[in-house]
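Hi there,

Here is the structure I promised to pass on. My notes follow below it, so do have it open as you read.

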Amino acid sequence: MINWYFVFFAFSLLFSGIYAVIWRKRFPVFITCIYIFVPISILGYYLLSIAQAVPEALLGVKISYIGGCYANLFLMYSIFTLCNLNIKKWIRFALFVITTISYCFVLTIGHSELFYREVTGEIINNYFILHKVYG
């Protein structure tokens, strides 16, 4: 069976490459950041889908949360920029810091019980299923 996450990862890399070729300075930097973070996030989902053990799956989860945390923030910044809504730099910085702190909690997965209290996994029908108890 085709691993759809790999197909989506390949397409996202292709579209990011096309964007890099047509990139101009008139494009907001936040849209460029989205084109960077989306393939990274999909790579995390792909790694999670091919994992055969808990540490491999946790690495995929950590990578996929990069997009989950930062892509939404940069999408919001892009919308503000395209709608000519100016938010103060200290507010943008504060939101970035809050997002970074939340991602730092994600990085504690497997080392402490802040994000996931307990993580187990099992293979069902040749797929590794991750069972999580949130902290």
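Helix α2 has 21 residues, and at 1.5 Å a residue they should span 30 Å. The end C-alpha atoms of α2 lie 31 Å apart, which agrees with that expectation. Please keep in mind that this is a predicted model.

Next, the partner of α2. For α2 (residues 29-49) and α3 (residues 54-82), the axes come within 7 Å and cross at roughly 160 degrees. Angles over 145 degrees count as roughly antiparallel, so α2 is roughly antiparallel to α3. The crossing in which α2 passes α3 is left-handed. As for the residues of this contact, 19 are nonpolar, eight are polar and none is charged.

Which residues of α2 are buried? They are Phe30, Cys33, Ile34, Phe37, Pro39, Ser41, Ile42, Gly44 and Tyr46. The cover over these buried residues includes α1 (4-22), α3 and α4 (89-106).

One residue of α1 is also worth a look while you have the model open. Leu14 sits in helix α1. Is Leu14 buried, partly exposed or exposed? Its relative accessible area is 45%; buried means under 20% and exposed over 50%, so Leu14 is partly exposed. Leu14 and Tyr46 are 32 residues apart along the chain, and their C-alpha atoms are separated by 16 Å.

Best wishes

Terms used: Residues numbered from 1 in each chain as written. Predicted model: local features only at pLDDT ≥ 70, side-chain atom pairs only at ≥ 80, totals over all residues. Heavy atoms only, no water. Axes fitted to C-alpha atoms, helices over the stretch in contact; angles between N-to-C directions. Helix = DSSP H or I, 4+ residues; strand = E, 2+ residues; numbered from the N terminus. Parallel < 35°, antiparallel > 145°, perpendicular 65-115°, else oblique. Left-handed = near helix turned anticlockwise from the far one by under 90°. Nonpolar A, V, L, I, M, F, W, Y, C, P; charged D, E, K, R; others polar. Expected span 1.5 Å × (residues − 1). Buried < 20%, exposed > 50% of the residue type's maximum accessible area, 1.4 Å probe, protein only. Contact = heavy atoms within 4.5 Å.
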